[in-house]
Structures are given as structure tokens and as C-alpha cells.
Amino acid sequence: MDLAGNTAHGMVPAHKPQGLARWLYATNHKDIGSLYLWFAFCMFLVGGVLALCIRAELFSPGLQFFQPELFNQLTTLHGLIMVFGAIMPAFTGLANWMLPLMIGAPDMAFARMNNWSFWLLPPAMTLLLLSFIVPGGAAAAGWTLYAPLSVQLGMGMDLTIFAIHILGISSIMGAINIVVTIINLRAPGMRMMNMPMFAWASLITAYLIIAVMPVLAGAVTMVLTDRHFGSHFFNAAGGGDPILYQHVFWFFGHPEVYIMALPAFGIVSQVIPTFARKPLFGYSSMVYATSSIGVLSFMVWAHHMFVTGMPATAQLFFMYATMLIAVPTGVKVFNWIATMWQGSMSFETPMLFAIGFILLFTIGGLSGVTLSVAAVDVQLHGSYYVVAHFHYVLVAGALFSLFSAVYYWFPKMTGRMYVERLGQLHFWWSLLWFNVTFFPMHFLGLAGMPRRIPDYALQFTDFNRLASIGAFMFGLGQLIFLVNILYSLRHGKTAPQQPWEGANTLEWQIPTPAPYHSFNPPPQLETAENGVVLSMREGGQG
Amino acid sequence: MQGDTAAFNLQAPATSLARMEYDLHSMLLWVTGLIFLLVSAVMLYAIVRHRKSRGHVAKPFHENTTVEIIWTVIPLLILLAIAWPATRAVLSQKSTHGAEMTIRITGYQWKWRYDYLDDNFGFVSHLATPRAATAAGAARPEHYLLEVDAPLVLPTGRKVRLLLTANDVIHSWWVPQLGVKQDAIPGFLRDAWFMVDKPGIYRGQCSELCGKDHGFMPIVVDARSPADYARWRAARLKQAAAAADDPARVWTLAALRQRGETVYSQNCLPCHQASGKGIPGNFPALDGSAVVNGDKAAHIRIVFYGSQRNPAMQAWGKQLSDTDIAAVITYERNAWSNHNGQVVQPADIHALRGGSG
């Protein structure tokens, strides 16, 4: 199976553009993947700085640094940038880098569209950031941009709407590429029901993106026409309904939550088996669980709207449907633990982040069950409890899985090892300060502190202070990651083809670092569940 | 649950609804807590025992249909067990029939209006914490940001039905101890109910982002024994009759300006600021403004009807009395560096209303 040095499998050195053109005109999936990942990390830092501004303001009661209108802009842009600028592009970047390598495709299906879907991101994010300096400032209606508040705002809101349109086009093109690549470009022998879970998760995520990004575009377009062209979609005086916006938004918004969670499930399903040196437990039930989460995600949107005054029957329907999601999600968690059970585990950084993911995502999932109970949600909706809940899902969920993935595939991408001790420090540091930041927010919400307020009553001081300290330490810890990556890119130890003893998916069967062009023509594979490669022969039908 | 001590749980319930929510949450906390402990205990055991450094050899099993069915069915049963009390709670929250009195609550940017529909009177409730107390390093009162000038006074032991709506954007009326949170939606009516057990002051806040001063529109419910409430109600009715302004009365500049300053600080200050300088880019300055120093009729029109260009400038004609509008316009025309000495009389506003009041 050792094919290092075997140039016959399409690992031929070939044309590789140099300089700025390499990135500007990039069509190579690895280059575009790197662009996505670096862009996402930059946006993660920008969104992180906005978060630290929020936490600085909330360190003490009173208005310390920011006036309320600017504070609302900070919370809004923090949310938008983290969701659309950091997490989604990071997952798309990983899919770009790894999917062709994991399923034996020479590249993504539409190489030029791939270029376009990345290069739409920087202008969109520029528009978002520019909105801070236009008259009236950035959008200040929360990342959900609820009408009629968003109809009131200044031109920063128009820039945001435009940016969301561009981001949506980018996401949809990226998703189409993922779908077509997975359906059409798998190497012979890579059957759908043997695909790596990361490919399955990316495929289902891509379908969700294609289904719901146009819905978001519709919602913000209606806001745009209400703002400027005299329509009354969300104005009761003109026959509209403010709640319509929320229905449309959350029809996008809830699947969006899974767009940020499913790829994480995929990553963890690759990392855990590798470091447990055991096949993934319950592969087919994982595929079905992921698919059913995808389907259910379209049927639960109104649980974000339990206090809008829905009739009891609607509340009950959305409550039951939401509770039901706990079943497939539970199956996934149990499967991961069963994979670890009786394994031969080692705890390198990717594994630590994956275990941290399981532990903390479970907390986020269980607080989600609590929120799903409509009668209890009446107390928790719009409070800091919700902020705690979704950061357990998105930071300890999506972000931890991304760290796990970057450490896991770093040797394959760069040919060098990251510094293990720094990686371990990054994990323990993040784990500790993440919990110091977000666990107290459960208490704040229970005690009655609303979210999105720039100033608070005195009884909320202690936990806010704790959360602010935690946030600054957590933020500081991310520099460990940056230092590790920058150092290791140049000075890291040379990585072997197989840095992880238990890794047996396709990407580990080719030389390290992955050659610029790979699997052209595709190989003949014999595979087992979760993308495990049993044998690989030279292709040739190319 | 008041004061500045850190609290770990929901506030002490003061209504049957809040108690029900509290108990349901406690039950969920136990169930989810136990599940979490169980899951992490199994994982921890594997992490400790099944590690390579201890020489543990992997057993390559990868499926077991029985186990997988068990861990699909058991969570389903747990959820069914939760769904039963959860359903009953939802149905009881939604049953507003049999109410003994009705209050209409209207959310405004950024204050609440309470109308006692049975008694045909109402008032607006503003944040009572002075703006100066929000400055960094300022002294903060005990109920900082949770105090109002006019609390919603209600009797204990009576089922109160709330009818909620809003004037501009969506607000949400939340008093944790009463177990009520309901969005107030412009152009629509939503209802909710509660019955307070015992007299007390119950504090809450708007919980739906409603613009700049979302964090500064608290709710205070002052629940009194039926006898105390009856006394308050009688006094309030008498006061309402006495305070009714005669729109025909002719005021002096000084009297209008004084009243106008209060109206301004309750309604205009959040956007146009105490200095009258506004917030550049968001809210225009009144100090030195062309409208304020120009034609009286144009000034009255924008206050009365709101601004076509900036939806944040509301139609105050729907919210304020003739006298209040006259007072605040007079104040604005004679405050800061504006000294045009002009007086707008309530009769001017009354005429704009078509004389119908």
C-alpha cells in the first residue's frame, strides 16, 4: 500500500503557476482550499476582536467603552462575520482540500467556479467591514436582522444585504461543486456507502446550503424592498406581517445551524477512528443519522419563535419535532464513544480536540433539549442562556472540530508536523477558558439577563466579569495556534507519509505533502466503510 | 432573588406559571445532567482504560444492531416522558380565558405603555435610572436599570390578561418571576396571562433587540393586595380626571418650556441626546437645526406625523397629548442655542388633529 515515490498514480509534477497569479487565478483545489482556510482564520480573528470588544464593554455595569448603538453593531457583525466569514468558509476550505483526496478525484468538479466562489468572499466581507464607517454605522439588528428593526437602520444595512447576497452566491457555488464532485468524481471502487463520513457530512451540508441560502436571500431582499421601494412585506399598516420575516429567516436559519454542525460531525468521525485505531462504530447508522438530522432541520425552525405568540398547536408541533432531533444526535455521540470503547487510543492534538468536541457539544445538545421544551423556553428565550447554548454548539462544536481537522491534516497539507506540545497547550488552554467564558452565561440567562444589552443590572456583575476574563484568555490562546502554524510551516519536522498510525483513508495513501496534482487519472480502489482503503491500483481510464 | 448576589438558577417563582416552568426546568436539569454524567463516565472509562500507552490492543468490532436499537429507543422513551408534562405546561400557558382584568401593553422605542382597559386609563412607564448613572465610574442605584417612574400596579390573586402590541419594532415583555415572556408585535395583538400569588415588586426587561436603547426599557410590576390595589385605582382614576389638560388653555413660554423639558427627556432624549446634538449619522441634531429654528408649522408636522425619510422618527401625534407636543416643541425652540422665543400652544396641535382631540 505504500505508494510514496510511485509517480504512476497521477502524482506527476505538472504545471504549477507562481506568484500572485497562482492565487488570483487559482483553480487547483489545494490552493483554493488554502485560500479559504487562511481567509476564514483572518475573519475568525476579526470576529474575535469584535467579541472581545463586547466582553470588554460587559466587564462592568455602566457604559465603559461603547455607546449602545455601536454595541449593537458589534454584536451584529460578530455574529455575521463568524458565521459567514469564519465557520462556513473554513468548512468549505477543508472540503476543497480534502474531499478530492479522500474520494480519489483529480480536483473539484468545476475548477473555475471554485475560484469564483472563493474570490467573492473578500469583497463581501469588505462590504460588511466598510459598513462600520458609513453614516449610521453597521447593521445593528443582530445577526438575524429582524424586521422591522432592520427596516429602520441606515445604509450600513444596505451594505449588509448586498454582502449577504454575495456570500450566498459564493456558498451556493461552493456547495454545487461539493455535490457534483462527490456524486460524479469518486474513484472507481469508492462506493457511496463506503465514503468517508466527512464526505457524507459535506454532501448533506451542501444540499442544505443549496436549499436554504436562496431563502435567506429572499428574506433580506424583502427587507431591501421594504426599505427603499415602498413594499410592505413586514409592515402591518400595509398588510404585511413582521413575523413573516422570522419564519422566512429561520427556515434558512435552522438548517444553517446544521450547515455549521454536520461537517464537524464528519471530521470527528474521521479523527476518532484514527486515534482509537478502530473502525468507526455504526457507519451506516451514522449516515442515516446525519441524513435524518438534515431532513429534520427543515421542520423545526419555529422553535426560535416560541414567544412570538404562535398558537398552542404550532408550539407543540415544533417542540416535538425539535425534541426528536435529540435521537439521531444521540446516536452519533453513542457511536463515537463506542468507537473509542475497546480501542487503542492515543491522544495527539486532533484527538484531544475531537474528544473536547464530543464532551462540550453534548452539553450544547442537552441545553438544546431544555430549550426545545416550549414552556421552559419562555423563560430562556432571548436570554444569555441561549448565548451559552449556541456557543457550546458553535465554538466547542464547529470551531473545535476545525482545529481538530487542521492539526489532523496539517502534515498532509504541508509536509511538516505541527509542534505537538504547542498543540496540546492550545487544546487545554482553549478547553479551560472556553468553559470559563460560556458556562457562567447559563446562570446569567437563568437569573434573567437578556442578551444583546450593552449594560446590565448589578446582580449580573460577577458572572459577566468571569465571562469577560475567560473571553480574553480564550482569545489570547488562539495566538498559540497561529504561532504553531506559522512556525511549523517553515520549521516543523518533516512529516512521514503516514504520521498517524491508525489513519487508513485514501488521503494517507499518497505522498506527503500531497502533490500539487493528484489522482489524475483516478486509481482503482477496494474500499471498506468510512473510506478505509483496502487496496489501490493504478488507474488508467483517466 | 434581588440584590447583587450571583444567582445560579431561575428567579423565585411568584405565579403558578413561573412555578410550573421552574419545576419543568429542574426536571430537565436532572435528566440532562444525568445523561451527561453517564455519557462522560463511559467515555472517561474508555479514555483511561483503553489507551495505547497502557498497551491496550484495539478490538476491531464496528457494529451491534441490538445495542444500536437500544440507544435509539431509550432516548425516544425519555423524550416521550418529557413531552407529557411539557405539553400540559404549554397548554396552560396559552389558556387566557377566564381573565378578571385586561391590561393592554404597548412597546415603544424605548418605553412601555400600560392601558387598564376595564378602567379606561393608562400611562407610560419609563426607565427611572438617571442617564448619568450609566457613565463609567458613576454611582449606581440599587435597582440600576431595573427601575421605572410608573410601575404596572396590579392586584394579587386575580387572573390578569395581557394584550400586547408595539408601536414601531418588535419588543418582548419579560418578567421572570411572573413566568411571562411575550413578544409585542407592531400591528398585531398577542395575549398572555398570569396571576400573582403575593404582593411584591417584580422586575424584568425587554428581551427582544429593539434598537439603540433595548437595554434601557425595564418593566416593573407592583403587585398589591386587592384592598391596596382598590385604593390605588381610586386615587389613579381621580388623578386622571384632574390631570386631563384643557387643549384650549393658553400657556406661558416658561410653563410650556418646563413641561416640555420633561416630555423631551422621556421621549426624545435617547436619540437627540440631552445636549440636543443628536448622534451624527444616526439622529439629527436639534440644537441649531433648520427645522427647529425655521417655520413653526414644519416643526409641528415632523413631530406630529414623524419623518418620511427616517423611520426612527416616530409619529408622536399618536402617542402624546396636544399639550405635551406643544410643550416639547416649545422647549426645543427655546433650548440649547435655540432662542427664537416662539410658543406653540396646545390649540395649534388640537387644530392639526382636526379638533377632535
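Student: Is the crossing of α16(A) and α17(A) left-handed or right-handed?

Tutor: A crossing is left-handed if the near helix is turned anticlockwise from the far one by less than a right angle, and right-handed if clockwise. The crossing of α16(A) and α17(A) is left-handed. Please note that this is a predicted model, in which local features need pLDDT of at least 70, side-chain atom pairs count only at pLDDT 80 or more, and totals for chains, interfaces and linings use all residues. Residues are numbered from 1 along each chain as its sequence is written, chains are lettered from A and ligands numbered from 1 in the order in which they are written, and side-chain values use heavy atoms, without hydrogens and water.

Student: At what angle do the axes of α16 and α17 of chain A cross?

Tutor: Two packed helices are described by the angle between their axes and the distance between the axes. Axes are lines fitted to C-alpha atoms, for helices over the stretch in contact, and angles run from 0 to 180 degrees between N-to-C directions. Helices (H or I, at least four residues) and strands (E, at least two) are DSSP runs, numbered from the N terminus. Here α16 (residues 420-447) and α17 (residues 461-491) of chain A cross at roughly 160°, their axes coming within 8 Å.

Student: How far apart are the axes of α12 and α13 of chain A?

Tutor: The axes of α12 (residues 312-340) and α13 (residues 349-372) of chain A are 10 Å apart, at an angle of about 160°. These two helices are therefore roughly antiparallel to each other, and their crossing is left-handed.

Student: Which strands form the open sheet of chain B?

Tutor: Two strands pair if DSSP finds at least two bridges between them. In chain B, 5 strands form an open sheet with mixed pairing, in the order β4-β10-β9-β6-β7. β4 (152-155) and β7 (180-184) of chain B are at the edges with a single partner strand each, so one side of each lacks a neighbour in the sheet. From one strand to the next, the twist averages 25°. Within the sheet, β6 (residues 171-175) and β9 (residues 200-206) of chain B pair in the antiparallel sense over 2 bridges, and W173(B) stands opposite C206(B) in β9(B).

Methods. Angles under 35 degrees count as roughly parallel, over 145 as roughly antiparallel, 65 to 115 as roughly perpendicular and the rest as oblique.
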